[in-house]
Amino acid sequence: MNSRVFHIATNTLREAVRDRVLYNLIGFALLMSAAAVLVGQVSIQIERLVVINLGLTAVSLFGLVIAIFIGIGLVSKEIDKRTLYTLLSRPVRRWEFIAGKFFGLSGTLVVNTFFMAIGVFAALAYVSHHLVGSDVGVLVALYFIVLQFVIITALALFFSSFSTPIFSAIFAFWLFVIGSFAQDLRNFAAMTHGLTRWLATGAAYLVPNFSTLNVITQAAHGEPVPSQLILFNTGYALIYSVAVLSAAVLIFERRNLK
Amino acid sequence: MRAIEIAGLEKVYNAGFWRKRSKRALRPLNLVVEEGEIFGFLGPNGAGKTTTLKILMGLVFPTAGSARILGLELDDPRMKAQIGFLPEQPYFYDHLTAQELLHYYGQLSGVHAKQLSRRVEAVLEQVKLSNSANVQLRKFSKGMLQRVGIGQAILHDPKVVFLDEPMSGLDPMGRREVRSLIEDLKARGKTVFFSTHILSDAEALCDRVGIIHQGELRGVGAVAELTAGVHGKVEIVWHGATVPAGIVTMGAECRSAGETMRVIVPEENQDAALEALRRERLRLISVVPMRSSLEDYFVAQLGVPLKSEVVSFRS
């Protein structure tokens, strides 16, 4: 990695880690995992299912909030505080700034997910008294959640490169919601004709396909996740993120920083 | 070599929802700053000072024209490694300490890792922040932020330093310290280009000044050259509380100080004012010629100033 990108990424991670809001959100997520244990004890024979479902949903939800909450301010905050001016007056290219911010926030989310995952596995070990082979599915589900975060980070950064924080948050959040139903959107597109089919298909493939990255239910039921899906999702997340980041760079390169 | 060369630089913003209204922030600007000089870029709020600086820093793209710094294009990384910039009223990163901030900026400027720690220490010493090196920036006062801002601008030993309103928000001690820093930079052979609306600072520091108003450069030159062309004034003090009719008709503002009256009149009105005092048999105390100030030149260039501009220039 380019050293300037690395330094910007490291600084972004450092700033995020020192922000107390992050700790509150992680605390909340861990609390949910603990709550899952209590709920599991009420539901006989399906403790594992409840813990995995609730725990992974908490990781996904709170990670999403962190990704959007920090992501939307990545560029706008630097402009408001004029730190971007002191950065770009140095031999730092605009694309390096975007790339650094992306890696910094992605790194933050990976670290967050790691700590939240410890909470989920701790809860799982508590209700099951031991971990089983099918718990690998939980690891895969967590990996896919991280891929979701990577895409959301890219999207938040994309919107942050030209929009205000509030609109960036709204756009990013709604894209996540629509993306969670991407498969349904594709099925709907397949049933339509003419211009509607065109538009629906375009929209279905333009929005990020978060539905394919959601294997929480399979993990909860101990169902194995095919390795082809792992490869496909990794490639998809990579390509989609690169495309969105490229668009962010294109917009940001031409932006007048008033 | 010329430190800064600006040729026909122009900036027009398209404003409004449909971006049909155009706002001319900078008219074609031509300016040259030689290496090693302190250049003051003066103008009231909204004159185009910050727009010019932002174009030079590559933050805003010009509508027309070009500029070079140290003979290099504005987007050349080699040029960027040789300049430092302090934006107006900076805030920096809340959760970093002053030391961490300078380390970060030093890394981005390509300062060698082995030299960086020493350089950070030296700069913190120079801007008098050694005792606050490990304090998070969110606890810094405005003056401290300004000083760490100057620190990050000079950390990598740039040849040209750009400062946007460096005295802004500082108390008299703080302003003195910044002035001293700027003088020190000049002593080290650096070029300093700073924008300000505090004319007294520009008068004290600058080799040359440029005055900009409504996006247009109204005058450039050494302070002495610019003020030589402005008609001088004379301060007349006399004993008593009466103002002669002849002085009243001049429209000059008279001030009372205890048992004396004081008035400042243009040089060409001196004889008429003294004659008015003589006719009313008022006792003259002093007649003192006043050196034309940069403010006088400024007011002369810009015509009748808005009251708010006069207030800011007298701050």
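Modeller: A helix crossing is right-handed if the near helix is turned clockwise from the far one by less than a right angle, and left-handed if it is turned anticlockwise. This is a predicted model, in which local features need pLDDT of at least 70 and side-chain atom pairs count only at pLDDT 80 or more, while totals for chains, interfaces and linings use all residues. Residues are numbered from 1 along each chain as its sequence is written, and chains are lettered from A and ligands numbered from 1 in the order in which they are written.

Biologist: How many helices and strands are there in chain B?

Modeller: Helices (H or I, at least four residues) and strands (E, at least two) are DSSP runs, numbered from the N terminus. On that basis, chain B has twelve helices and 14 strands.

Biologist: What separates the centres of domain 1 and domain 2 of chain B?

Modeller: The domain bounds come from an automatic or database domain assignment, which divides chain B into domain 1 (2–228) and domain 2 (233–290). The C-alpha atoms of chain B fill a box of roughly 80 × 50 × 40 Å along the principal axes. Taken over C-alpha atoms, the two domain centres are separated by 44 Å.

Biologist: What share of the contacts in chain B with a separation of 6 or more comes from residues 24 or more positions apart?

Modeller: Two residues are in contact if their C-beta atoms, placed from the backbone, lie within 7 Å. In chain B, the share that comes from residues 24 or more positions apart is 71%.

Biologist: Are helices H3 and H5 of chain B roughly parallel or roughly antiparallel?

Modeller: Axes are lines fitted to C-alpha atoms, for helices over the stretch in contact, and angles run from 0 to 180 degrees between N-to-C directions. Angles under 35 degrees count as roughly parallel, over 145 as roughly antiparallel, 65 to 115 as roughly perpendicular and the rest as oblique. Helix H3 (98–108) and helix H5 (142–154) of chain B pack at about 25 degrees, with their axes 9 Å apart. The pair is therefore roughly parallel.

Biologist: Is the crossing of H3(B) and H5(B) left-handed or right-handed, and how do the contact residues divide by class?

Modeller: H3(B) passes H5(B) in a right-handed crossing. H3(B) contributes B:Ala98, B:Leu101, B:Leu102 and B:Tyr105, and H5(B) contributes B:Val148, B:Gly151 and B:Gln152. Ala, Val, Leu, Ile, Met, Phe, Trp, Tyr, Cys and Pro count as nonpolar, Asp, Glu, Lys and Arg as charged, and the others, Gly among them, as polar. The contact residues divide into five nonpolar, two polar and no charged.

Biologist: Is B:Leu102 buried or exposed?

Modeller: B:Leu102 lies in helix H3 of chain B, and its contacts beyond four places in sequence include B:Val120, B:Val123 and B:Leu124. A residue is buried if 20 or more other C-beta atoms lie within 10 Å of its own, exposed if 12 or fewer, and partly exposed in between, with C-beta atoms placed from the backbone. Because B:Leu102 has 27 C-beta neighbours inside 10 Å, it counts as buried.

Biologist: What is the C-alpha separation of B:Val263 and B:Ile236?

Modeller: B:Val263 sits in strand E13 (260–266) of chain B and, with 21 C-beta neighbours inside 10 Å, counts as buried. Beyond four places in sequence, B:Val263 is in contact with B:Ile236, B:Ile247, B:Ala252 and B:Cys254. B:Val263 and B:Ile236 are 27 residues apart along the chain, and their C-alpha atoms are separated by 5.4 Å.

Biologist: What is the phi of B:Glu165?

Modeller: B:Glu165 lies in the loop between strand E7 (160–164) and helix H6 (172–187) of chain B, and counts as buried with 21 C-beta neighbours inside 10 Å. Most residues other than glycine have a negative phi. B:Glu165 has a positive phi, near 50 degrees.

Biologist: Where does B:Gln214 lie?

Modeller: The phi of B:Gln214 is also positive, near 50 degrees. With 15 C-beta neighbours inside 10 Å, B:Gln214 counts as partly exposed. Its place is the loop between strand E9 (208–213) and strand E10 (216–221) of chain B.

Biologist: Which elements of chain A give two or more residues to the side that touches chain B?

Modeller: The contact takes 20 residues from chain A and 24 residues from chain B. The residues on the chain A side divide into six nonpolar, six polar and eight charged. The elements of chain A in question are helix H1 (3–18) and helix H5 (83–88).
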